[in-house]
Amino acid sequence: MARAEISTTIKRPVEDVFAVLTNPENNPKWSSSSLESTKTSAGPIGVGTTTRSVGKLGRRIESESEVTKFEPNRKFAAQSKSGPFPFQTSVTFARIEGGTRVNATIEGEPGGFFKLAEPLMVRMVKRQF
């Protein structure tokens, strides 16, 4: 299993950071590998919300995901439902002096081309954030 862990500090209030990072339509603004991302389910973002994303990790990737955890201003998690390989993303948000600490973990089970390129893929995922 491939695993990437990313941690960063953003000099904005936790409410702002959570709102931006959990809205899939903002993904192309902050993730260099995201070409487009849209919410495909009705209602506000929360557990069960579905998304469709198009990205680039060496090649064009289309996937659909579902939100599995949603604790406002604290935690967000999603799991792929389709695409070239299964993956899960978990992000925690912590209020700190002067901003927000964001910790993200992305785990996936690459196959085919992606299995051969697993070490490179992990570095690319880290760099996109």
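**Notebook: nonpolar core and aromatic pairs**

I looked up the largest nonpolar core, which has 14 residues, and noted that those with the most contacts inside it are Val-17, Leu-21, Phe-76, Val-91, Phe-93 and Val-102. The model I am reading is a predicted one. Next I listed the elements that each supply at least two residues of this core, and they are β1 (2-10), α1, β5 (75-82), β6 (87-96) and β7 (99-108). Of these, α1 gives the most, with four residues.

I then took Val-102 and, leaving out residues up to four places away in sequence, found that it touches Ile-6, Ser-7, Thr-8, Ile-10, Val-17, Leu-21, Val-91, Thr-92 and Phe-93.

Turning to the rings, I counted three aromatic pairs. I checked the accessibility of both partners: Phe-18 is buried at a relative accessible area of 4%, whereas Phe-70 is partly exposed at 23%.

Phe-70 also pairs with Phe-76, again edge-to-face, with 6.4 Å from centre to centre and 80 degrees between the planes. Phe-76 has a relative accessible area of 12% and I recorded it as buried, because the cut-off for that label is under 20%.

Last, I followed the ring pairs onward and found that they link Phe-18, Phe-70, Phe-76 and Phe-93 into a cluster; Phe-76 and Phe-93 are also among the core residues with the most contacts.

Key:
Residues numbered from 1 in each chain as written. Predicted model: local features only at pLDDT ≥ 70, side-chain atom pairs only at ≥ 80, totals over all residues. Heavy atoms only, no water. Phe/Tyr/Trp six-rings, centres within 6.5 Å; stacked < 30°, edge-to-face > 60°. Buried < 20%, exposed > 50% of the residue type's maximum accessible area, 1.4 Å probe, protein only. Core = buried A, V, L, I, M, F, W, Y, C linked by side-chain atoms within 4.5 Å. Contact = heavy atoms within 4.5 Å.
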